[in-house]
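I set out to record what I looked up in this structure, entry by entry.

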Amino acid sequence: MNETSSQTACWELRVRVLVLVAYGVLMAPVFVFFCGWLRWYFACAACGLLLGGFVWLYHVDYARLDQRLRVPKWHALAIAALFGLWVALSGICGVGVEAIDIPYRMAILRDLIDYDWPVIYEQTGYAMVYYYAFWILPALVGKVFGMGVALFSLWVLETIILVLTFLVICVVLNASRPSRIWMIALVMVSFSGLNIVGSLFGAMVGTNPAERVTFSTNLGWLDGLDTPYATHFMYRTNTDTMCEIFNQTPLWLVVALMLQNKRIHSFLFLGLLVLPYSPWGLVGICPLMICLGVVQALHGADGSPLGWGRTLRALFSPANVCGAFSVGVVYALFYASASTLSSASSVTKGYTADIAYSAGNIGIVPLWELGSFVIACYGVFCLLTFGVFAIMLFGTRKRDPLFWTCIVWLAIIPLVWVSAPQVRDFCMNVSLAPLALLMIWVMEYLDTHLMGKKINAYRALAWGVIVVSFAGGLFGIVQNPVILARQGTLYVPSTFEAADTFAEGDIAADSNVANFLALDPSSSVFFTYLSR
């Protein structure tokens with residue numbers, strides 16, 4: 001079939017229906033959380049506010065939208081199958097090769113299945129408190145049908161989220177031809193920085209513990225930096241995100257929805273839908289939404305500025321207010337009960353530090369005190385993880401405030417630590433939102449400036465950067481089936497030893513367990529007044 005072939009080979013999707021389904025998938029676990037964790041009257045109020053906010057938003061922005069997306073039928077099915085295979089090989093749902101953190105994620109799902117909600121362990125009195133919205137629907141299935149079916153439903157849910165993200169990006173980029181939609185799908189799977197080059201750099205200067213390029217994601221090429229701070233900078237590839245923190249991938253869908261509807265009266269509502277899946281993700285997307293809000297105030301979506309008064313009124317739209325008083329309040333109080341938010345968290349994690357340039361459990365990395373070598377490594381990190389793409393996009397994006405916000409934010413993120421100076425969670429996870437935005441821009445650039453264009457010196461260089469970059473992302477995918485083939489099995493468990501449940505709460509034996517627990521839930525507002 002060529003790119004202009006018959007109409008009957010395409011599905012025609014109404015964008016308003018696609019958006020309805022996307023929001024529905026994001027909100028469904030939140031509704032279940034409200035009903036399973038809150039007292040019935042608080043649950044009714046929170047569900048009513050969340051639903052009312054979305055109904056207002058849908059009515060204002062989508063009810064009369066007649067836009068449609070045409071996608072070639074068989075190509076779309078093949079892309080869905082590709083995403084399904086990607087999820088299966090990632091090791092997150094009982095097949096494939098498990099990554100190091102998956103035993104903890106399995107323990108979350110298992111405890112959500114085995115214990116009443118909210119999960120409070122009789123053995124210790126601790127409560128499980130974590131951003132586990134992603135597991136709630138599979139756990140609900142697992143309570144009826146068991147762990148095996150729960151893992152299958154987790155695979156289905158992750159695949160659906162990827163397909164929805166793909167379709168919304170197609171709407172944003174106005175993509176319907178086979179070559180364009182396959183490009184979008186392949187970039188989603190393989191997006192990565194130039195970690196292959198970074199691994200070579202690290203091997204030469206002594207910061208790469210592997211001392212070579214490996215048949216993997218090659219992410220840890222600055223792990224050998226020896227400082228008291230988290231200067232072993234690392235930005236995740238999409239494959240690493242899938243294999244390690246798949247519960248945060250709904251953020252990709254939120255970023256796509258943000259680009260599809262750049263209206264400030266929806267931003268707080270949409271941004272807060274990230275909170276149940278990833279507080280890190282909400283931190284990451286906030287500067288991007290603030291930038292779009294300022295642009296809307298000064299220039300408007302159609303060239304006519306709203307002005308600050310109308311912008312402020314839009315910020316306090318019914319959707320945003322309902323989202324703030326449902327998702328915002330409930331989840332803020334829920335997370336506030338977690339042990340890792342307490343002043344003792346750095347000690348609980350096994351870190352002790354009296355570090356300057358910090359306020360409580362958050363601080364900055366003072367590069368100016370760490371010497372020229374560390375500063376140079378930081379510069380190389382920025383260049384290879386996002387800088388090369390920024391240079392590529394500069395000609396078309398230089399007048400876009402969102403572009404500059406994204407790039408500056410990506411440069412700042414590695415210099416912030418949270419919880420303890422040696423912890424790099426902020427760097428790895430807050431970066432997901434601006435990297436997703438950068439990925440979509442790279443897709444657009446590929447479509448408009450490289451695909452189908454005559455090769456010249458500049459385009460040859462751009463293609464070289466993209467091929468090397470995405471090859472690094474594909475390394476992380478290909479290694480898993482190679483491992484499975486060598487071992488003659490469909491499942492290779494993680495070698496990392498972790499408890500099957502958090503019921504024991506043995507923080508002395510495994511300090512990471514504290515990440516998932518409220519050690520004294522009875523002293524928190526959430527468990528004292530709101531929870532069942």
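I count a salt bridge where a side-chain nitrogen of Lys or Arg lies within 4 Å of a carboxyl oxygen of Asp or Glu. I also note at the outset that the model is predicted.

**Entry 1: D101 and R105**

I looked up this pair with that cut-off in hand. The side chains of D101 and R105 form a salt bridge, with an N to O distance of 3.9 Å; the pair qualifies because the limit is 4 Å. D101, at 27%, is partly exposed.

**Entry 2: the salt-bridge network**

Over the whole structure, my search returned ten salt bridges.

I examined two of the pairs that involve D66. In the salt bridge of R14 with D66, the closest N and O atoms are 3.4 Å apart. This pair connects distant parts of the chain, 52 residues apart: R14 belongs to strand β1 (residues 10-14), while D66 sits in the loop between α2 (40-61) and β2 (68-72). D66 also forms a salt bridge with R68, where the closest N and O atoms are 3.7 Å apart.

I checked the accessibility of both arginines. R14 counts as partly exposed, at 30% relative accessibility. R68 is likewise partly exposed, with a relative accessible area of 38%.

**Entry 3: helices α11 and α12**

I turned to the packing of helix α11 (residues 264-272) and helix α12 (residues 279-298). Their axes are 10 Å apart and meet at an angle of about 175 degrees. The two helices are therefore roughly antiparallel, since the term applies to angles over 145 degrees. I also asked which residues make the contact. On the α11 side they are I264, F267, L270, G271 and L272; α12 contributes L282, M289, L292, G293 and Q296.

**Entry 4: a nonpolar surface patch**

Last, I looked up which residues form a nonpolar patch on the surface. The patch consists of L268, L312, L315 and F316, with about 370 Å² of accessible area together. I followed one of its members further. L315 lies in helix α13, which spans residues 307-315. At 33% relative accessibility, L315 counts as partly exposed; L315 thus passes the patch criterion, because that asks for over 30%.

Terms used
Residues numbered from 1 in each chain as written. Predicted model: local features only at pLDDT ≥ 70, side-chain atom pairs only at ≥ 80, totals over all residues. Heavy atoms only, no water. Patch = residues over 30% accessible without salt bridge, like charges linked within 9 Å, V, L, I, M, F, W, Y side chains within 5 Å. Areas by Shrake-Rupley, 256 points an atom, 1.4 Å probe, with all protein chains shown as cover. Helix = DSSP H or I, 4+ residues; strand = E, 2+ residues; numbered from the N terminus. Buried < 20%, exposed > 50% of the residue type's maximum accessible area, 1.4 Å probe, protein only. Axes fitted to C-alpha atoms, helices over the stretch in contact; angles between N-to-C directions. Parallel < 35°, antiparallel > 145°, perpendicular 65-115°, else oblique. Contact = heavy atoms within 4.5 Å.
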